[in-house]
Amino acid sequence: MKKQSNKNMPPKPDFVFAKKNYIMMAIGIAVIALGFILMAGGGSDDPNVFNPEIYNFRRIRLAPAIVLIGFGIEVYAILLNPNKKKE
C-alpha cells in the first residue's frame with residue numbers, strides 16, 4: 001500500500017493562540033461581565049428624587065475591582081505560553 005501524500009489535503013489553519021489561551025480569555029470576559037453586572041442599578045424612577053444607593057460599596061469599590069481583575073486575567077491569557085514544559 002502506498003502512503004497518501006498531503007497534496008490533496010487542505011493545510012491545517014494556524015491559530016494565534018492555543019485552546020488553553022482561549023479558555024482563559026473566556027474566563028476573563030466572564031469576570032469582566034460580572035463586574036459590569038454588579039455595577040448596574042441604583043438609579044431612581046423619579047428624576048427629582050436622589051437615590052444614595054448609587055454610591056454603595058458594591059458599585060463604587062467591588063465592581064470596578066472585579067473588572068480590573070478580569071482585565072488582568074485577559075492580559076495573562078494573552079501572555080500565557082501553552083507550550084511551556086513543566087519541570
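Trainee: How many aromatic pairs does the structure hold?

Mentor: This predicted model holds two aromatic pairs.

Trainee: Why is the pair of Phe 17 and Tyr 22 called edge-to-face?

Mentor: Let's look at the angle. The planes of Phe 17 and Tyr 22 stand at 85°, and planes over 60 degrees apart count as edge-to-face, so that is the name this pair gets.

Trainee: What makes these rings a pair in the first place?

Mentor: Ring centres must lie within 6.5 Å. Those of Phe 17 and Tyr 22 are 5.9 Å apart, so they qualify.

Trainee: And why is the pair of Phe 50 and Tyr 55 called tilted?

Mentor: Its planes are 35° apart. Under 30 degrees would be stacked and over 60 edge-to-face, so 35° leaves tilted. The centres of Phe 50 and Tyr 55 are 6.1 Å apart, again within the 6.5 Å limit.

Trainee: Are Phe 50 and Tyr 55 buried or exposed, and how do you know?

Mentor: Exposed means over 50% relative accessibility. Phe 50 has 57%, so it counts as exposed, and Tyr 55 has 58%, so Tyr 55 counts as exposed too.

Trainee: Then why does Phe 17 count as partly exposed?

Mentor: Good one! Buried means under 20%, and Phe 17 has 25%, which lies between that and 50%, so it is partly exposed. Tyr 22 has 40%, so Tyr 22 is also partly exposed.

Definitions and conventions: Residues numbered from 1 in each chain as written. Predicted model: local features only at pLDDT ≥ 70, side-chain atom pairs only at ≥ 80, totals over all residues. Heavy atoms only, no water. Phe/Tyr/Trp six-rings, centres within 6.5 Å; stacked < 30°, edge-to-face > 60°. Buried < 20%, exposed > 50% of the residue type's maximum accessible area, 1.4 Å probe, protein only.
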